Amino acid sequence: DDVHHVLHVAATGETFGYYEAYTDKDDNLARALAEGFVFQGEHMPYRDQERGKPSRHLPPTAFISFIQNHDQIGNRAIGDRMSSHIDDEPIKAIAAVYLLAPQIPMLFMGEEWGAKEPFPFFCEFDEELNEKIRKGRREELSRLPGFDGDDVADPTARSTFLSAKLDWTRSEDRSGSDTIEFYRKLIAMRHKFIVPLLGQPGLEAGRFQTQGRAVH
């Protein structure tokens with residue numbers, strides 16, 4: 001998740017919750033891209049415990065990078081995607097970073113054409129467990145700045161599940177999307193320039209500089 005957290009902060013400026021831990025160093029992105037994890041055993045104030053393990057010895061192909069996934073969107077209060085509340089340019093910028101990085105990229109459904117449908121948290125269990133989940137979600141989300149936990153969608157309601165589904169009937173919107181053409185170009189560049197390098201023997205973690213000092 002570290003690559004996601006750093007890029008999310010860069011694109012959105014959001015610093016609440018665990019995102020705050022990814023704002024205090026200028027070299028967070030460099031370390032994440034070169035070594036996989038930002039936190040490699042350091043203390044994380046948000047969790048009040050150590051996070052991560054040393055990862056600099058691992059090759060980049062040991063990691064999967066992304067800027068959206070079901071957890072990071074689904075755990076937001078209303079399941080909103082970045083594309084629903086920020087401009088296209090910051091999203092394209094961080095998409096270029098992760099799609100052209102050596103880690104294995106993972107696209108979330110609809111990301112490639114700028115889908116704006118929300119992806120709220122949904123589930124279906126027996127009624128006793130359903131009620132515990134409803135209560136837990138309200139309590140957890142009520143701690144977010146400017147959000148009333150009572151406004152959260154019922155995660156066990158069928159309407160919440162249906163709202164997370166993509167509208168596949170709007171194929172004409174996707175085919176002519178500027179975003180999808182941008183993604184296609186990036187993926188083609190990755191296939192041509194990045195992928196051939198990943199199969200080389202002895203592929204190791206990268207190096208980066210922080211404040212003019214090389215880090216290995």
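Predicted model: local features only at pLDDT ≥ 70, side-chain atom pairs only at ≥ 80, totals over all residues.
Of its 216 residues, 40% count as buried, while the exposed surface comes to about 12500 Å², of which carbon and sulfur atoms supply 53%. Among the contacts with a separation of 6 or more, 66% are between residues 24 or more positions apart.

Within α4 the buried residues are Ile91, Lys92, Ile94, Ala95, Tyr98 and Leu99. An α-helix has 3.6 residues a turn, so residues three or four places apart point the same way. The buried residues of α4 pack against α1 (2-12), β3 (64-65), β4 (104-105) and α8 (178-198). Lys92, one of the buried residues of α4, lies over the face of Phe182, at 5.4 Å from the ring centre.

In soluble globular proteins, nonpolar side chains tend to be buried together. Here the largest nonpolar core has 22 residues, and those with the most contacts inside it are Tyr22, Ile67, Met82 and Tyr98; the elements giving two or more residues to this core are α1, α4 and α8. Leaving aside residues up to four places away in sequence, Tyr98 touches Leu7, Ser65, Phe66, Ile67, Pro105, Met106, Leu107, Glu111, Tyr183 and Arg190.

The aromatic pairs come to eight. In one of them, the rings of Tyr18 and Tyr19 have their centres 5.0 Å apart and their planes at 65°, so the pair is edge-to-face. Tyr18 counts as partly exposed at 22% relative accessibility, whereas Tyr19, at 3%, counts as buried. Tyr22 and Phe39 also form an edge-to-face pair, 5.4 Å centre to centre with 75° between the planes. Because Tyr22 lies in the loop between α1 and α2 (28-35) and Phe39 in the loop between α2 and β1, this pair ties together parts that are 17 residues apart in sequence; both residues are buried.

The last stop concerns the backbone. Most residues other than glycine have a negative phi. Asp48, although not a glycine, has a positive phi of about 55°. Asp48 is placed in the loop between β1 (43-44) and β2 (49-50), and at 58% relative accessibility Asp48 counts as exposed.

Technical notes
Residues numbered from 1 in each chain as written. Heavy atoms only, no water. Buried < 20%, exposed > 50% of the residue type's maximum accessible area, 1.4 Å probe, protein only. Contact = heavy atoms within 4.5 Å. Areas by Shrake-Rupley, 256 points an atom, 1.4 Å probe, with all protein chains shown as cover. Helix = DSSP H or I, 4+ residues; strand = E, 2+ residues; numbered from the N terminus. Core = buried A, V, L, I, M, F, W, Y, C linked by side-chain atoms within 4.5 Å. Phe/Tyr/Trp six-rings, centres within 6.5 Å; stacked < 30°, edge-to-face > 60°. Lys NZ or Arg CZ within 6 Å of the ring centre and 35° of its normal.
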